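This briefing is meant to be read with the sequence and the model side by side. Please keep both in view and look up each residue as it is mentioned.

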Amino acid sequence: MGKPGFVTNVKLVGRTQELATLDAEWRRAQTGAFRCVLLSGDPGMGKTRLTDEVLRRHRGIGLRARAFPLGETSSFGMWAEALDGHLAALSAEELDRLCGGFLEDLAAVLRSIPAVCGLSPTGEPASQTLMKGLTALLDGLSRTEPVTVILDDVHLADSSSWETLHYLARSLPRSRLLVIAAGRPAELAESRIGLEVMLSLEHEGLLTRIDLKALSELELSRLAEMVLGEYPSQPLMAWLAERSQGIPLFALTLLQALVEEEVDPSQPRLQALPGHLVDRIVGRLRGLTSEGQQMLELLAVVGRRIDLMELIPVTGEPLERLAPVLDGLVQSRLVREEHRGGRITYEI
């Protein structure tokens, strides 16, 4: 097998159709048509990896920002993070020209402007003024080169960042601007402002949706062959498919652990789950209610697919109390719900 430390060097596997769609949207944008792509997928599905590939494949200005839970309190946080790194490398004269008269206003939210131009922010202007300033700035950038903006974990974005996206779409319909908003479907469904903006953009024909699914067995096999340097055995593929559920990051992490422990690929087993994988799972569990955690523990003990009608006597809870707990687990993608012949079953 290969050596540890290969994960960052593994080529993108699968995602052929998704890349083709993103490439087509970039081509539409670079001819002078504002475009937005909503890239949704659960943690570990490869949203960041896929957007990295888009930036690698296409010329122009690439901007990236990631939202964080505390970022919900930071006005225009995502746009500020996306722009600051690029603007810091420009001259004061270039910034003045690009900002189109909004230089002092934008200094309130873009740290690069005071640093480069020596301005002292005098307070935060009205939101409408800042949106106009950000629009003028991105318009100026897109006139020189096509601009691709990656907004990662957009489900955590502050409301002003969402509103700015909508304002940009309406103000710059012919700009060479592609915005890829990547987020988790369950959390996006709970974002009122996010849903409103995305539905509006979709209604106006400016948005394309891409929902990342788990890798197929063939794609998992290609990934394993690429990582291990040999064609994977059937026992290894069964083990990998069961434990990773086709999630690329989980599959890579498990394969790396096999290499590091020098495990025989024909008899795959690990002494312990990789710490990186454990941390991600624990992080998702912390977001559950106490009822959700108890139900997940119960399903883990059962260890098989269980009928809804079986759960009622096992838990001692009525259906009206069980239903919202199970719905929450299904929405978080920690539990799978299946409908078979009038029966509803659940399993981890």
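Where in the chain does R59 lie? In this predicted model, R59 is found in the loop between α2 (47–57) and β2. The chain as a whole has 17 helices and 8 strands, and the C-alpha atoms fill a box of roughly 65 × 50 × 35 Å when that box is taken along the principal axes.

**The chain as a whole**

- Of the 348 residues in the chain, 47% count as buried.
- If we take the contacts between residues at least 6 apart in sequence, 73% of them join residues that are at least 24 apart.

- Leaving out residues up to four places away in sequence, R59 touches W26, Q30, P146 and R176.
- R59 and A238 are separated by 179 residues in sequence, and in space their C-alpha atoms are 41 Å apart.

**The open sheet**

- An open sheet is formed by 5 strands, which follow the order β2-β3-β4-β1-β5 and pair in parallel fashion.
- The edge strands of this sheet are β2 (61–66) and β5 (207–211), each of which pairs on one side only.
- From one strand to the next, the twist of the sheet averages 15°.
- In general, the strands of a sheet pair through backbone hydrogen bonds, and they may do so in either a parallel or an antiparallel way.
- Strand β2 is joined by 6 bridges to strand β3 (residues 147–152), and the two run parallel.
- Within this pair of strands, R66 stands opposite D152 in β3.

**Helices packed on the sheet**

- Helix α3 (residues 77–87) lies across β2, β3 and β4 (177–183), and its direction runs at about 135° to β2.
- Helix α10 (residues 192–203) also packs on the sheet, where it touches β1 (35–40), β4 and β5, and its direction makes about 120° with that of β5.

**The residue S112**

- S112 belongs to helix α6, which covers residues 112–117.
- The relative accessibility of S112 is 5%, and because buried means under 20%, S112 counts as buried.
- The side chains of S112 and D84 are joined by a polar contact of 2.7 Å.
- When neighbours within four places in sequence are left aside, S112 is in contact with D84, L87, A88 and L95.

**Two pairs of packed helices**

- Two packed helices are described by the angle between their axes and by the distance between those axes.
- Helix α11 (residues 217–228) and helix α13 (residues 248–260) pack at an angle of about 35°, their axes lying 10 Å apart, and their crossing is right-handed.
- At this meeting place, L220, L223, A224, V227 and L228 in α11 meet P248, A251, L252, L255 and V259 in α13.
- The axes of helix α16 (residues 308–315) and helix α17 (residues 319–331) come within 10 Å and cross at roughly 115°.
- Angles of 65 to 115 degrees count as roughly perpendicular, and α16 and α17 are therefore roughly perpendicular to each other.
- The crossing in which α16 passes α17 is right-handed, and the residues that meet there are L308, L311, I312 and T315 from α16 with L319, L322 and L326 from α17.

Technical notes: Residues numbered from 1 in each chain as written. Predicted model: local features only at pLDDT ≥ 70, side-chain atom pairs only at ≥ 80, totals over all residues. Heavy atoms only, no water. Pairing = 2+ DSSP bridges. Helix = DSSP H or I, 4+ residues; strand = E, 2+ residues; numbered from the N terminus. Axes fitted to C-alpha atoms, helices over the stretch in contact; angles between N-to-C directions. Contact = heavy atoms within 4.5 Å. Buried < 20%, exposed > 50% of the residue type's maximum accessible area, 1.4 Å probe, protein only. Polar contact = N/O pair within 3.5 Å; in protein donor to acceptor, adjacent residues only side chain to side chain. Parallel < 35°, antiparallel > 145°, perpendicular 65-115°, else oblique. Left-handed = near helix turned anticlockwise from the far one by under 90°.
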